[in-house]
Amino acid sequence: MCGIVAYVGEKNAIPIMIEGLKRLEYRGYDSSGLAIFDENNDVKIYKKEGKIVELERHVSHVMTKYSPTVGISHTRWATHGVVSEVNAHPFCDSEGKMALAHNGIIENYKDLKTNLIAKGYEFKSDTDTEVLVHLIHYYYQQDKDLMKSLKQALKAVEGTYGIAILHKDYPGQILSAKKGSTLILAIGNDEFFLTSDINATIKHTKKVIYLEDGDIVKLTKEGYEITNSQNILINPEISEIDWDISAIDKGKYKHFMLKEIYEQPTSVLNAFRGRLAEDLYTVRLGGLSQNYADLRNVKRIQILACGTSWHAALTGKYIIENLTRIPVDAEYASEYRYRNPIVPDDTLVFVISQSGETADTLAALKEARAKGAKVFGITNVVGSAIARETDGGVYIHAGSEVGVASTKAFTSQVTVLVLLAILLGRMRHMSPTDGLTHLEELKKLPEKIEKILTQNDHIREISKKIANSHNALYLGRGVDYPVALEGALKLKEISYIHAEGYPAAEMKHGPIALIDENMPVIAIASKDFLYDKLVSNLQEVKSRKGKIYAVANEGDTLIGTIAEEVVYVPETLPALRPILNVIPLQLIAYHVADLKGLDVDQPRNLAKSVTVE
């Protein structure tokens with residue numbers, strides 16, 4: 001969603017910020033802008049609707065006049081007010097002396113706006129953010145102390161924010177504050193950056209400070225000062241980013257999504273690398289090792305997530321219940337936070353988020369803790385809010401995922417949930433033989449994924465038969481049902497084809513009414529104890545002229561007599577099947593969107609990380 005990139009140093013800030021904003025395009029945005037000091041230390045703001053390249057063209061002439069070394073910039077994803085240049089960030093105060101960029105939502109902006117209008121302030125935009133810049137200006141008129149004015153304004157604000165501010169009276173300085181919206185201070189050689197996403201600054205430095213809620217930063221060329229929510233000057237730990245700039249380049253691939261699909265042999269390997277304790281027929285999860293007593297005594301598990309991560313959670317429910325016999329609830333974090341959930345004693349809560357910043361998941365985490373639960377995180381981003389606020393957890397080690405439609409994060413999340421299930425199972429009734437069997441099959445996954453990827457051309461041909469459809473139905477049974485949900489989500493996310501995932505047996509309870517010769521039905525037909533029942537479901541589709549496309553196990557000769565086309569995947573254990581079965585569905589979604597000429601990596605209306613409610 002919205003992104004901030006700010007710079008203080010010796011270099012020209014404009015190209016640095018433009019490049020940083022381009023690195024944040026994957027998050028989703030509709031407009032962008034930046035603010036700088038000119039040669040007279042006046043604050044100048046430049047904004048454009050549309051792609052970053054429009055802003056880049058708009059400011060190209062500025063660099064011929066002067067080389068500003070301080071600036072703030074922003075990409076907006078509309079929440080309050082339509083997509084327009086007027087509603088783009090940064091915003092200025094009524095005197096044109098201050099510029100402010102903001103991520104988050106000011107929940108009480110209507111009341112604040114009414115009060116400010118009564119004091120004579122005029123508003124040009126429809127956003128909640130403009131309230132904040134005028135509020136700071138109001139307090140600044142009283143004592144001419146920007147830091148004090150910022151603190152006074154933030155006391156009046158309800159909601160979330162990550163903000164960056166320039167002011168004419170403070171040339172060479174940026175003020176910043178954080179509450180509930182990610183903000184990172186990146187430390188280079190005689191230069192400093194503020195950003196909402198390390199992708200924007202990884203080219204320049206790997207040294208970062210993850211700011212905490214309540215932190216306020218004063219940033220100049222000479223250095224930085226950070227005060228916490230108790231107004232105490234602090235010196236936080238500097239962390240080192242452990243991945244390279246190449247992770248956010250497309251390389252030889254046309255789109256990031258395709259690159260990330262092809263990275264799954266490595267990303268799945270990284271999810272279990274170093275965690276297989278074959279001598280004990282179990283796994284080691286260092287981020288949970290201090291809580292093994294809780295894991296042994298757990299009577300119920302709740303897994304909270306949103307979107308693709310919720311599909312991973314639902315997959316985890318099937319796997320953990322089957323291997324451990326522990327009851328598992330997989331819940332939408334966005335609903336959990338509002339429904340006064342029941343958290344019995346001896347319940348452990350796991351929250352899943354690729355970014356570790358998903359607003360609903362963070363709020364659900366806090367609700368679970370308020371109910372007395374221990375909460376653990378499964379996330380990809382070191383230092384993210386979920387990583388910092390949970391009682392422990394597991395990193396999926398998928399590397400940077402730029403494509404908005406998540407692919408490798410899903411398979412890595414499911415891999416980690418398999419590891420968790422093995423750990424819990426071995427603490428209970430799982431035999432050493434079963435434990436070792438699962439470990440051995442895990443090690444074979446990368447090679448089996450590689451084998452599926454060799455069918456890419458075949459899958460593209462299948463996709464041509466689906467690309468002109470208006471609707472699609474995905475069917476699966478048992479642990480393949482969440483895979484059907486994920487396949488349908490991928491198709492609608494990037495190709496804008498309406499798609500639904502269903503348990504195959506539920507087709508007769510409504511969706512069968514939609515089936516005709518124009519309805520593609522994508523079936524996950526794993527060869528297990530439910531296979532015959534699924535085949536019966538598919539016969540019902542075929543008798544109504546539905547077009548069947550199947551994902552089936554190698555050696556299955558029956559499915560080819562029913563389906564129009566089949567993608568064959570290697571056999572594996574039931575707990576590991578989702579990791580293999582989802583990959584053809586990812587490729588189908590990708591190729592359909594690409595064949596339609598759509599923006600695969602930045603689909604309309606979507607953001608990579610949903611950081612506001």
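**Notes on the strands and helices of this model**

1. Let's start in the sheet: strand E23 (residues 471-476) and strand E25 (residues 520-525) run parallel and are joined by 3 bridges. Leucine 473 sits opposite valine 521 in E25. Do keep in mind, as you look around, that this is a predicted model.

2. Which sheet do these strands belong to? It is an open one of 5 strands with parallel pairing, in the order E24-E23-E25-E26-E27. On average, and with direction ignored, neighbouring strands here are turned by 15° against each other.

3. Helix H17 (residues 531-543) lies across E23, E25 and E26, and its direction is at about 170° to E25.

4. Now have a look at alanine 563, in the loop between strand E26 (547-553) and strand E27 (565-569). Is alanine 563 buried or exposed? Its relative accessibility is 11%, and because the cut-off for buried is under 20%, alanine 563 counts as buried. Apart from neighbours within four places in sequence, alanine 563 is in contact with Ile548 and Ala550. Alanine 550 is 13 residues away along the chain, yet the two C-alpha atoms are separated by 6.2 Å.

5. Elsewhere, strand E4 (residues 70-76) is worth a visit. Of its 7 residues, 7 are buried, so E4 is largely enclosed by the rest of the structure. In a regular strand, side chains alternate between the two faces of the sheet. In E4, Val70, Ile72, His74 and Arg76 point one way, while Gly71, Ser73 and Thr75 point the other way, and all are buried.

6. Last, a helix pair. The axes of helix H9 (residues 307-324) and helix H13 (residues 408-426) come within 9 Å and cross at roughly 25°, which means that H9 is roughly parallel to H13. The contact involves, among others, Ala312, Ile319 and Leu323 of H9 and Phe410, Leu417 and Leu424 of H13. By class, this contact between H9 and H13 has 12 nonpolar, 8 polar and no charged residues. The crossing of H9 and H13 is right-handed.

Conventions:
Residues numbered from 1 in each chain as written. Predicted model: local features only at pLDDT ≥ 70, side-chain atom pairs only at ≥ 80, totals over all residues. Heavy atoms only, no water. Axes fitted to C-alpha atoms, helices over the stretch in contact; angles between N-to-C directions. Helix = DSSP H or I, 4+ residues; strand = E, 2+ residues; numbered from the N terminus. Parallel < 35°, antiparallel > 145°, perpendicular 65-115°, else oblique. Left-handed = near helix turned anticlockwise from the far one by under 90°. Contact = heavy atoms within 4.5 Å. Nonpolar A, V, L, I, M, F, W, Y, C, P; charged D, E, K, R; others polar. Buried < 20%, exposed > 50% of the residue type's maximum accessible area, 1.4 Å probe, protein only. Pairing = 2+ DSSP bridges.
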